[in-house]
Amino acid sequence: MLKNITRGFFSVMLVTSLVACGGGSSKDAKKAAADHNSEESYRQGTPEQLYNNGIDAIKTKHYKLATKQFEMLQENFPYSGYAPNAQLMQGYAFYLQNKYPDAVKQLETFLQLHPNSPDAPYAFYLRALCYYERISDVSRDQQSTLEALSALNDVVNRFPGTSYARDAQLKIDLCRDHLAGKEMLVGRFYEQQKNYEAAITRFQRVVFDYQTTNHVAEALHRSVEIYLKLGLTDQARKTASILGYNYPNSTWYRYTYNDLKKYKLVSPQAEKPTAKTPGFFSRTWNSFTSLF
């Protein structure tokens, strides 16, 4: 994932913003931060000191210590003006430790208690990142991808036009490509097992539900393969025409074109694979049937 880039950019935004809320590091906090191996020096303090201690610990990448400081502030001074920011920063500290379930729980608590906070957009965004960072390889279950997609869409819908929404949209596209990749993996397996109906269902799902992903050309080619095996020549030619119109210079169209030639289904006027700029898949299917 893009964890390092994301953390580098948005951590600066968050810490800079919330340090201002804390009035900057106090003299005592700076002195305590000089010795990170001594937690005793962090155990006592005012809400401001505890908060700034936590901020200093994050800046120096002592995330576990930061988590304890923010937790101590919330436990001992729940009505302090620093408590809301401590809740958010504790969630961020959990995130930096890759403790994503803990981070989500903390961020949801913050959002429930402070739904109108000016930091709510970041909390929603960070919550989405916690799901996004847990996305697994396409060979494994994609529940985390679905959860990330839902959370990222929440950011885009709630806070359109923000930097969080723009970054979330990029990650939405990656999530969709990932889900399409999963469908392709399963579809190829079914095709190998000669379960053609199940395979076609997976490939069509990619074509219709994930049209903007990089997997559509292959999905169309695989569909042609199956139609040819089943003797459904009209379906094969129609699907091939769609592939050729939208991806005329793709490797997958070359494969399809050669397959049709083997079955003697290429008409003399049919276009060969070219270097034309691919069209948009959103054009209607019926326009393409004349190619073959």
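Contact here means heavy atoms within 4.5 Å. Among contacts in the chain between residues at least 6 apart in sequence, those joining residues at least 24 apart make up 61%. This is a predicted model, in which local features need pLDDT of at least 70 and side-chain atom pairs count only at pLDDT 80 or more, while totals for chains, interfaces and linings use all residues. Residues are numbered from 1 along each chain as its sequence is written, and side-chain values use heavy atoms, with hydrogens and water left out.

**Whole chain**
- The chain has 13 helices and 0 strands, where helices (H or I, at least four residues) and strands (E, at least two) are DSSP runs numbered from the N terminus.
- Of the 292 residues, 51% count as buried, that is, under 20% relative accessible area with a 1.4 Å probe, protein chains only.

**Packing of α8 and α9**
- Helix α8 (residues 143–158) packs with helix α9 (residues 163–192) at an angle of about 150°, their axes lying 9 Å apart; axes are lines fitted to C-alpha atoms, for helices over the stretch in contact, and angles run from 0 to 180 degrees between N-to-C directions.
- The two helices α8 and α9 are therefore roughly antiparallel, a label for angles over 145 degrees.
- In α8 the residues that meet α9 include L146, L149, L152 and V156, and their partners in α9 include A168, I172, C175 and L179.
- The residues of this contact of α8 with α9 divide into 12 nonpolar, 4 polar and 2 charged.

How values were computed
Parallel < 35°, antiparallel > 145°, perpendicular 65-115°, else oblique. Nonpolar A, V, L, I, M, F, W, Y, C, P; charged D, E, K, R; others polar. Buried < 20%, exposed > 50% of the residue type's maximum accessible area, 1.4 Å probe, protein only.
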